[in-house]
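Trainee: Could you show me how to read helix packing and sheet order in a model? I would like the general idea and then the case at hand.

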Amino acid sequence: MRRYTRQNFHMIWILCMLVVVVLACMMTVNHIASAIDLTSFSGSKKHDVANEDNGWNLILVNRDNYIPDDYHVELMELSNGEKVDSRIYPNLQEMFNAARADGLGLHVAAGYRTQEKQQQLLDEKTEEYKNEGYSKSEADELARQWVAIPGTSEHQLGIAVDINADTTKSSSDDVYNWLAQHGHEYGFIKRYPSDKTDLTGVINEPWHYRYVGEEAAQIIYSQGICLEEYIDMLEE
Ligand SMILES: [Zn+2]
């Protein structure tokens, strides 16, 4: 009887030790798992690959949706050397004709950009901030508020343009106001409005116009939504 109790005691003791070891193992595994999560989040950026499921004109590219590596674009050169996707050219020309008929002077300041060009712009902006005395990480962060990370710029799609005023003929404000009122009639939207920066991730850019097609542009304009919200609506 006495031996039996001692054996029992040993069994309980071994069981307790086993429980402690198992718990310790589980905690370690958890710890490693969360450490891996953290690394993958800060190390390689978490993002999706943009798709053309809703049509080429409705591809959503932003900080969370990167342009696919194999994205192909047929370019057309404008008279000033800037290039755009040939599919948006007729509407772009029509919009410019209408603006000019209303007495405005304007031009495409930036059309299509390659990945390399986008990287170069980002590097130049970062360098500017470093020269102003900011640390490397501060300069990186500030530059990204102005220049999109390569792979997330709509200029790499060729279906977005930056439009500037010819200031000998009209003011920037006149051009931006005309575009804001009429862009949608030609299938273009003001892609980064001031009241949607939290959704687009980009500050107000009154010069950046993105082709989405007339139907989508009309809805986006009349409902005062941004492309992110429109795509959400389509996919609901
Ligand atoms: Zn732009």
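Mentor: We will go through a pair of helices and then a sheet. This is a predicted model, where local features need pLDDT of at least 70, side-chain atom pairs count only at pLDDT 80 or more, and totals for chains, interfaces and linings use all residues. Residues are numbered from 1 along each chain as its sequence is written.

Trainee: At what angle do H3 and H4 pack?

Mentor: Helices (H or I, at least four residues) and strands (E, at least two) are DSSP runs, numbered from the N terminus. Axes are lines fitted to C-alpha atoms, for helices over the stretch in contact, and angles run from 0 to 180 degrees between N-to-C directions. Here helix H3 (residues 115–131) packs on helix H4 (residues 136–146) at about 130°, with the axes 8 Å apart. That makes H3 oblique to H4; angles under 35 degrees count as roughly parallel, over 145 as roughly antiparallel, 65 to 115 as roughly perpendicular and the rest as oblique.

Trainee: Which residues of H3 and H4 meet?

Mentor: Two residues are in contact if their C-beta atoms, placed from the backbone, lie within 7 Å. From H3, Leu122, Lys125, Thr126, Tyr129 and Lys130 take part, and their counterparts in H4 include Leu142, Ala143 and Trp146. As for spacing, an α-helix has 3.6 residues a turn, so residues three or four places apart point the same way.

Trainee: What follows H3?

Mentor: Gly133 does, with a positive phi near 105°.

Trainee: In what order do the strands of the sheet lie?

Mentor: Strands of a sheet pair through backbone hydrogen bonds, either parallel or antiparallel. Two strands count as paired if DSSP finds at least two bridges between them. This open sheet of 4 strands runs S5-S6-S8-S7, with antiparallel pairing. Its edge strands are S5 (106–110) and S7 (188–190), each pairing on one side only.

Trainee: How many bridges join S6 and S8?

Mentor: S6 (residues 160–165) and S8 (residues 208–211) share 3 bridges. Val161 has Tyr209 of S8 as its partner, and Ala160 has Arg210. S5 and S6 pair over 4 bridges, and His107 stands opposite Asn164 in S6.

Trainee: Which helix lies across S5, S6, S7 and S8?

Mentor: Helix H5 (residues 172–182) does, running at about 140° to S6.
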